[in-house]
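Work through the exercises below with the model open. Try each task before you read its solution.

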Amino acid sequence: MSIAIALVPSLLFGALSLLLGAFPTDIRRQNTAVMVGAGAVSLGCAAMLGSPWSLSATVWGVACGLMWTGGQVFVLWAFRAWGVSRTMPLTTALQLLLNATLGVSLFGEWRAPGALILGVVALALIMLGAAACSWQERTGPGPTAAQRRDGLLATAA
């Protein structure tokens, strides 16, 4: 059951890009809708799981929520700047890259013989795949140079 609950954010985030593209509006309203939806899901999960409440957990939850909201604003900005089809593969690959790098540097992961080399090769293939997924041929109107720059900065932030 806990694995299924852990998959909920990934599934909802994947559907998020489709929903935000179907209902275009300004970034402020989109971010508000995302926060309300995420808050409702988190409260529902807390009620179903009977999570204990404490001041420490509440403070950490609010801090994490504020950081997540900041990241969400950048993702919505990238959606607007250069589209969902470029933003989603790159944000996913960058999250995997950052999580793996933090796991190796902070928690000492990949200590087995050959694990570091295999992990770096896997991360390079993931980044290559993300770049290939977001590639667009020059057959139609695409984003301008300024939109590509804004989208890349928002995705990397």
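A nonpolar core is a set of buried Ala, Val, Leu, Ile, Met, Phe, Trp, Tyr and Cys residues joined through side-chain atoms within 4.5 Å. Buried means under 20% relative accessible area, exposed over 50%, and partly exposed in between (1.4 Å probe, protein chains only). This is a predicted model: local features need pLDDT of at least 70, side-chain atom pairs count only at pLDDT 80 or more, and totals for chains, interfaces and linings use all residues. Residues are numbered from 1 along each chain as its sequence is written, and side-chain values use heavy atoms, with hydrogens and water left out.

**Exercise 1. Find the residues of the largest nonpolar core.**

Solution. Step one: list the members. They are seven residues: Leu16, Leu20, Val34, Val75, Leu76, Phe79 and Met88. Step two: look for the suppliers. Helix H1 (2-22) and helix H3 (55-82) each give at least two residues of this core. Helices are DSSP runs of H or I with at least four residues, strands are runs of E with at least two, and both are numbered from the N terminus. H3 gives the most, with three residues. Step three: look beyond this core. A second, separate core has six residues, among them Ala78, Trp82, Leu90 and Ala130.

**Exercise 2. Decide whether Gln30 and Pro9 are buried or exposed.**

Solution. Start with Gln30, which lies in helix H2 (residues 27-49). Gln30 is buried, because its relative accessible area is 6%. Next, check its contacts (heavy atoms within 4.5 Å). Leaving out residues up to four places away in sequence, Gln30 touches Leu20, Phe23, Pro24, Thr25, Leu76 and Arg80. Now turn to Pro9, in helix H1. Pro9 counts as exposed because its relative accessibility is 53%.

**Exercise 3. Count the disulfides and explain the case of Cys64.**

Solution. A disulfide is a covalent bond between the sulfur atoms of two cysteines. Here the test is a pair of cysteine sulfur atoms within 2.5 Å. The count is zero. For Cys64, the closest cysteine sulfur is in Cys45, 16 Å away, so the gap is too far for a bond. Cys64 counts as partly exposed, at 42% relative accessibility. Cys133, at 55%, counts as exposed.
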